[in-house]
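Please look over the sequence and the model, and then follow the topics below.

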Amino acid sequence: MTGLDLSSPVAVVGAGTMGQGIAQVALVAGHVVRLYDTVPGRAREAADAIGARLDRLVEKDRLAGAERDAARARLLPAAGLADLADCTLVVEAVLERLDVKQRLFRDLEDLVDEDCLLATNTSSLSVTAIGGALRNPGRLVGLHFFNPPPLLPLVEVVSGFATDVTSATRAYETARAWGKTPVACADTPGFIVNRIARPFYAEAFAVHEAQGADPATIDAVLRECGGFRMGAFELTDLIGQDVNEAVTHSVWHSFFQDVRFTPSLAQRRLVESGRLGRKSGQGWYEYGPDAERAEPHTAEPAQTPAYVVAEGDLGPASDLLALIRESGIHVREEEEDHGTRLVLPSGGQLVLADGQTSVEFRDVVYFDLALDYRKATRIALSASQDTAPQTVAEATGLFQALGKSVSVIGDVPGMIVARTVARIVDLAHDAVAKGVATEEDVDTAMRLGVNYPLGPFEWSRRLGRTWACGLLDDLHQRDASGRYAPSLALYRHAYATEKREGTP
């Protein structure tokens, strides 16, 4: 099975931002594109806007002038749906309302040939429900492009309950022929990306709501320690708080208000107050020419400890031992059956975030998970009110000696990066176990769709297959709401690993 022949015309219904982007992708690939919108004159305006973007591509030497001229000649605004009758693919990018989409596809069914592929670009509605209104739902498939479609490579190819395998394969191959990276997934709330990405926002908001740290500090830790392109607060300001919250609510309601997807009260207050992010001039941060940049909390310089005692191999943070030695700090290693910690000169302990709290132990400082401890430029430390100031100072001085900025946050179990990554890994395992997508497609989707530094399964392999389950189990003991309970899929994954390693 191959994609559409380039000689076959493609229709895009809906001439807004997404529709224009999808039309441009099909156009540059070589198709005749018919663009339709119910608002009179909007299709012509959209065609002019697409032409202007093609002009800019020529100016930037990304498109030849002759190719631009040929593409413009192939772009045809349509006066009505009847003008789409000879198309072999129709992609809709209209209002996110089920009744609107169902009515559109019912009308199209009466016009186009039986072999015409129908595709919805919905990001939040059920492909199955949309297709439920059709006589032949087998030819309806989801083609979820990411905004802006000409720039972002990922396309989620979504099979509804009644979608024919041939239709899904045809859509997949068409997206690939258009220069995109398609991933196949079942029709589930949020598909792949919007389902698995929820903890990235939710855990940052939860730390803030618990008074663990301010938005600027949380964002800095996610970027400079976790390796994420943007922090959760700045990213939702860019997306729009109303848009991001709407997706969260859609996924939450679609999963029958599953506590794992619970929306944030703090974000709700932002939306209610009209602080929608960059587009309104205010969100988590202030915007505009006179706005001051919010700075993360950074600890003052502290004295470097003369030595540390390493008990155990530090697990995912084992690279720290080499960095500490390279900094000139003496490391004495001691074998410990259960220990994975550093003991500081004062006797205080430095432990990788594990889902427990500092207040439970005497003189413990937790440090957060890093994508790469060598490359990380910031490390978060967590301490309780009972932690000795000398222990916090020695922990701070240790990481500063490694060239890291240090942010000391509140006594937050799982800290920032660790709890976020653990929950992303858990949702990924859960999705694959339920047939949503393959491990490879999940990793591809999360790297390309939301620019994660690693796919969830890459992270899982790097951290050790029991790590996420152990951290979430600790968190679940401290918050029995179910939000942090490891999925059955993650439990099975960890248990199978332990059995292979000889654990009874």
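This is a predicted model: local features need pLDDT of at least 70, side-chain atom pairs count only at pLDDT 80 or more; totals for chains, interfaces and linings use all residues.

Helices, as the word is used here, are DSSP runs of H or I with at least four residues, numbered from the N terminus.

**Cavities**

- The count of cavities of 30 Å³ or more comes to 3, and the largest cavity holds about 80 Å³ of space.
- Helix 8, which spans residues 198–209, gives the largest share of the lining of the largest cavity, namely 4 residues, and both helix 8 and helix 11 (241–254) supply at least two residues of that lining.
- Among the residues that line the largest cavity are R198, Y201, A202 and F205, together with N244, T248, R260 and Q267.

**Aromatic rings**

- Across the whole structure, a search finds 12 aromatic pairs, and one of them is formed by F233 and W284, an edge-to-face pair with 4.8 Å from centre to centre and 90° between the planes.
- Because F233 lies in helix 10 (residues 232–239) and W284 in the loop between helix 12 (265–272) and strand 9 (307–311), this pair ties together parts that are 51 residues apart in sequence.
- F233 has 0% relative accessibility and therefore counts as buried, and W284 is also buried, with a relative accessible area of 13%, since the cut-off for buried is under 20%.
- A cluster linked by ring pairs takes in F200, Y201, F228, Y452 and W459, and Y201 is also one of the residues lining the largest cavity.

**Helix 15**

- Helix 15, made up of the 17 residues 417–433, reaches 24 Å from its first C-alpha to its last, which is close to the 24 Å expected at 1.5 Å a residue.
- Of the 17 residues of helix 15, 15 are buried, so this helix is largely enclosed by the rest of the structure.
- After helix 15 comes G435, a residue whose phi is positive, near 80°.

**The loop that holds E114**

- E114 sits in the loop between helix 4 (98–109) and strand 5 (117–120), and with a relative accessible area of 76% this residue is exposed.
- Although E114 and R139 are 25 residues apart in sequence, they are 8.6 Å apart in space, taken from C-alpha to C-alpha.

Key
Residues are numbered from 1 along each chain as its sequence is written. Side-chain values use heavy atoms; hydrogens and water are left out. On a 1 Å grid over the protein atoms alone, a cavity is a set of points where a 1.4 Å probe fits but cannot get out, and a pocket is an open set with protein on both sides within 12 Å along at least five of seven lines; lining residues have an atom within 4 Å of a point. Grid points are joined across faces, edges and corners, and a volume is the space filled by probe spheres set on the points. Rings of Phe, Tyr and Trp (its six-membered ring) pair if their centres lie within 6.5 Å; planes under 30 degrees apart count as stacked, over 60 as edge-to-face and the rest as tilted. Buried means under 20% relative accessible area, exposed over 50%, partly exposed in between (1.4 Å probe, protein chains only). The expected span of a helix is 1.5 Å times one less than its number of residues.
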